[in-house]
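Me: I'd like to learn how to read a model like this one. Could you walk me through it, feature by feature?

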Amino acid sequence: APVLYVKPRNTLSYSGQSMPMPEEIDVLLLRATVGIVISRPASRVTPVEALAHAAGVTLIADLCLPHEGFYRPSMRFVARDGSCFVGPRIAPLSIIGDPDAISIAVEIDREYRLTTTMGGMIRPTADFGDGDQSFRRT
């Protein structure tokens, strides 16, 4: 089953900001993904209709502490202040096309550490609106 990581407001940072890092922490994990930017209210949207509610996509870089538990990680590992970087811009779906075809590459010190595609995820991008979830513009 897909894993849901809760990202409370305290975790949000924007491209170019820094994250406070306590001295006792010396290693962080980086999870890179694409965030879907929802442009209008939607409720009980089917996957066929879902992408019509999206304005576009943006890059998400999520930093967390290394942890063993994949299915129910402790909030203290995944919800650090300023640990979820968003942006810097929104790419419209009219230009991007199929979000599941997007490639993601993470480069650290000029060395590629991760290369993947959104198509390799557990659920297709359009599944964000499936079921009883409700989304509202904020």
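Me: Let's start with confidence: over which residues does pLDDT stay under 50?

Reply: pLDDT is the predictor's confidence in each residue, from 0 to 100. Here pLDDT stays under 50 over residues 129-138, and the model has 20 contacts beyond four places in sequence for that stretch; contact means heavy atoms within 4.5 Å. This is a predicted model, where local features need pLDDT of at least 70 and side-chain atom pairs count only at pLDDT 80 or more, while totals for chains, interfaces and linings use all residues. Residues are numbered from 1 along each chain as its sequence is written, and side-chain values use heavy atoms, with hydrogens and water left out.

Me: And what is the mean pLDDT of the protein?

Reply: The mean is 79, with 84% of the residues at 70 or more. Strand 6 (residues 91-92) has the highest confidence, at 94, and strand 9 (residues 134-135) the lowest, at a mean of 34.

Me: How many helices and strands are there?

Reply: Both are DSSP runs numbered from the N terminus: helices are H or I with at least four residues, strands E with at least two. This protein has 3 helices and 9 strands, in the order β-β-β-α-β-α-β-β-α-β-β-β from the N terminus.

Me: Which residues form the largest nonpolar core?

Reply: In soluble globular proteins, nonpolar side chains tend to be buried together. A nonpolar core is a set of buried Ala, Val, Leu, Ile, Met, Phe, Trp, Tyr and Cys residues joined through side-chain atoms within 4.5 Å. Buried means under 20% relative accessible area, exposed over 50%, and partly exposed in between (1.4 Å probe, protein chains only). The largest core here has 9 residues: Ala32, Val34, Ala54, Val57, Leu93, Ile102, Ile104, Val106 and Met118. A second, separate core of 5 residues includes Ile25, Leu65, Phe77 and Val78.

Me: Where does Ser13 lie?

Reply: Ser13 sits in strand 1 (residues 12-14) and is buried, at 4% relative accessible area. Beyond four places in sequence, Ser13 is in contact with Gly82, Ser83, Cys84, Phe85 and Val86.
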